[in-house]
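Hi there,

Here is the structure I promised to pass on to you. Have a look at it first, and then read my notes below.

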Protein chains: 2
Amino acid sequence: MTSANASKFGKAWILTVGNELLIGRVINTNASWLAKKLSFLGLTVQRIIAVPDTVDDIAEELNRGIERAHVIITTGGLGPTYDDMTLEGVAKAVGRPLEVHEYALEMVKQFYQARGLELTPERVKMARLPRGSIPLPNPVGAAPGMWLEYNDSIIISLPGVPREMESMFESHVEARIRDLYPSISVIECGILVKGVPESTLAPDINRLARRYKNVYIKSHPKGHETQKPILEIKVMVSSSDRRKALEEAGRVLGEVESIAESLGGEVGKKSCV
Amino acid sequence: MTSANASKFGKAWILTVGNELLIGRVINTNASWLAKKLSFLGLTVQRIIAVPDTVDDIAEELNRGIERAHVIITTGGLGPTYDDMTLEGVAKAVGRPLEVHEYALEMVKQFYQARGLELTPERVKMARLPRGSIPLPNPVGAAPGMWLEYNDSIIISLPGVPREMESMFESHVEARIRDLYPSISVIECGILVKGVPESTLAPDINRLARRYKNVYIKSHPKGHETQKPILEIKVMVSSSDRRKALEEAGRVLGEVESIAESLGGEVGKKSCV
């Protein structure tokens, strides 16, 4: 990565493609699944964007991502139908032509041959990748994914069907990203606080957040704000030293615990991931 | 709406605010719930964007939305804690100051008074709205929402807790949007096709989609692509004439049915919403 683009380091965007997301027919579980994976790999996800199935919308958001993020993952739009146009969007964003990729075609061919089916134009389409891409095998379905390095960013295109997306990510993407961010540990710890309304605890949480700048602190109301307040307090710390991250998380939650108890709250056991 | 901004008409953006979305701790059900509601009100949702809890990120995406959409809905970031900064983001985007709104303050005051709690600065913060806003009562929680008209767009800020968001939308937003788009009916119909792989049906679906430009057609693989293919074919039609929309949806699905049967598929019963 050139120094001009060092500001991208550690940043990720997720671009989920599909009208079915924008009409609310599908809940975007792919986005949250990927966001969690990337966060635990040490990346900071800065945008999750759902765009319609049009080349221009896909290319527009990809170009914004390429300006600002090291890793950009797309989901959806790799299939055989007319509205699967993610790779065309990638090609437009990076200014490269789509070409049938020999290995990708082999993947598609083997998938259908094994099932006694022909290689129709719609199936060949799934093997057309932007020039310079590496195809990613699909352990579950027909459409290959894509890994493309461009302008100090990595664009990774995964299928939209969750089990295909998850399987491709775990088999062919996760380890490669871990190699790029080898030394980062991410710790997340949480406690439950009963009996203190969120707005009563808020000033103290605010103070802690200002004091521990590198710790992400968040309170999630689980019960009713005043009648039966239950708050989940979570802290997340990234560090190259796992032990230090755990200590820091423990220190912050310890302070939250003392404060909550002084306000008459009941505090549950700490758990960490 | 001025003619210069007529291109915004019928377009909506959804901006969901919160780091918890970007680390994958929370699945963005608010986005799909709102997307479905807006689609059935006749709006086309063109972006769903999750942004971190920072004023600049919120304002950046709001400004893009204001350029291009008539209705922009935000969720989350209205609460009492330091990282609830949606309204600050709105204020920045529209270049107006945040001010304690008399009615909003009354809502917050009543909520806490009824529970024997004081009006702390954190609670008053929830009543600070960008100048010119209309506060929206929160039927379930403490934080009011906001309705703000600016530059021929409407910015609506709703809470992040789903039951508060849904309740506020249904009580105070839905009817107002329906008044803006009174005459549009949206019909969605679907059938299940068993025994035809998606890529086999794809060329015909592509042809239908090109022929019926105002009908949104989509196939969703439900089973395995080749071993046990089950496809859900859905069509969505918007029209000022509900009967015509139903007819058009039926015509397209009728064609899909004939094609699927000619390919040896088994077609289930049509259902419409």
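**What I found**

Ser39(A) has a relative accessibility of 4%, so it counts as buried, the cut-off being under 20%. Please keep in mind that this is a predicted model.

Where does Ser39(A) sit? Ser39(A) belongs to helix α2 of chain A, which covers residues 29-40. Apart from neighbours within four places in sequence, Ser39(A) is in contact with Val45(A), Val186(A) and Met236(A), and also with Leu22(B) and Ile23(B).

Chain A itself is assigned two domains: domain 1 covers 3-180 and domain 2 covers 185-272. The centres of these two domains of chain A, taken over C-alpha atoms, are 36 Å apart.

Now for how the chains are arranged. Chain A can be superposed on chain B by a rotation of 180° with 0.0 Å of shift along the axis, giving an RMSD of 0.1 Å. The two copies are therefore related as by a two-fold rotation axis. Within chain A, Ile49(A) has the C-alpha nearest that axis, at 2.2 Å. The copies meet through the same surface, because 100% of the interface residues of chain A are also interface residues in chain B.

One more helix to look at is α4 of chain B, residues 86-94: 7 of its 9 residues are buried, so it is largely enclosed by the rest of the structure. Among the buried ones are Leu87(B), Val90(B) and Val94(B). Just after α4(B) comes Gly95(B), with a positive phi of about 65°.

Enjoy exploring!

Conventions: Residues numbered from 1 in each chain as written. Chains lettered and ligands numbered in written order. Predicted model: local features only at pLDDT ≥ 70, side-chain atom pairs only at ≥ 80, totals over all residues. Heavy atoms only, no water. Domains from an automatic or database assignment. Buried < 20%, exposed > 50% of the residue type's maximum accessible area, 1.4 Å probe, protein only. Helix = DSSP H or I, 4+ residues; strand = E, 2+ residues; numbered from the N terminus. Least-squares fit on C-alpha atoms with pLDDT ≥ 70 in both. Contact = heavy atoms within 4.5 Å.
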